[in-house]
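Please look at the sequence and the structure before reading on.

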Amino acid sequence: SAASDVYKRQGEQDALHLLSLGKSNREIAEALHLSESSIKARLSSAASKLGSSSRTGTVARAKDLGIV
């Protein structure tokens, strides 16, 4: 399932949690001590697994599934 696929990647889950708090990619990168491009890749991967094409939709879907 989409939820279990995201749960398997702790980095995606961490990035989604910070995204759900309204953080920018730069702020997420700083919080997780990663590059901004790594954050973009993690969020893009999570969005794809969740079937979303927007940041808002990704957070909404993650909340629906109990990921964040």
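Lys49 is partly exposed, because its relative accessible area is 28%, a value between the limits of 20% and 50%. The structure discussed here is a predicted model. Lys49 takes part in a salt bridge with Glu12, and the closest N and O atoms of the pair are 3.2 Å apart.

How many salt bridges does a search of the whole structure find? The search finds two. The other pair is formed by the side chains of Glu36 and Arg26, with an N to O distance of 3.9 Å. Because Glu36 lies in helix α4 and Arg26 in helix α3, this pair ties together parts that are ten residues apart in sequence. Glu36 is partly exposed at 30% relative accessibility, while Arg26 is exposed, with a relative accessible area of 53%. In general, side chains of opposite charge can pair when their charged atoms come close.

The table lists the two pairs.

| Salt bridge | N to O distance |
|---|---|
| Lys49 and Glu12 | 3.2 Å |
| Glu36 and Arg26 | 3.9 Å |

Helices α3 and α4 pack at an angle of about 105°, and their axes are 8 Å apart. The two helices are therefore roughly perpendicular to each other, because angles of 65 to 115 degrees are classed in this way. On the side of α3, the contact is made by Asn25, Arg26, Ile28, Ala29 and Leu32; on the side of α4, by Glu36, Ile39, Lys40 and Leu43. Sorted by class, this contact holds five nonpolar, one polar and three charged residues.

Ile28 and Leu43 lead on to the nonpolar core. The largest such core has 15 residues, and those with the most contacts inside it are Leu16, Leu19, Ile28, Leu43, Leu50 and Ile67. Helices α1 (2–7), α2, α3 (25–32), α4 (36–50) and α5 (55–64) each give two or more residues to this core. In soluble globular proteins, nonpolar side chains tend to be buried together.

Helix α2 spans residues 10–20, and its buried residues include Glu12, Leu16 and Leu19. After α2 comes Gly22, which has a positive phi near 90°.

Technical notes: Residues are numbered from 1 along each chain as its sequence is written. This is a predicted model: local features need pLDDT of at least 70, side-chain atom pairs count only at pLDDT 80 or more; totals for chains, interfaces and linings use all residues. Side-chain values use heavy atoms; hydrogens and water are left out. Buried means under 20% relative accessible area, exposed over 50%, partly exposed in between (1.4 Å probe, protein chains only). Helices (H or I, at least four residues) and strands (E, at least two) are DSSP runs, numbered from the N terminus. A nonpolar core is a set of buried Ala, Val, Leu, Ile, Met, Phe, Trp, Tyr and Cys residues joined through side-chain atoms within 4.5 Å. Axes are lines fitted to C-alpha atoms, for helices over the stretch in contact, and angles run from 0 to 180 degrees between N-to-C directions. Angles under 35 degrees count as roughly parallel, over 145 as roughly antiparallel, 65 to 115 as roughly perpendicular and the rest as oblique. Contact means heavy atoms within 4.5 Å. Ala, Val, Leu, Ile, Met, Phe, Trp, Tyr, Cys and Pro count as nonpolar, Asp, Glu, Lys and Arg as charged, and the others, Gly among them, as polar. A salt bridge is a side-chain nitrogen of Lys or Arg within 4 Å of a carboxyl oxygen of Asp or Glu.
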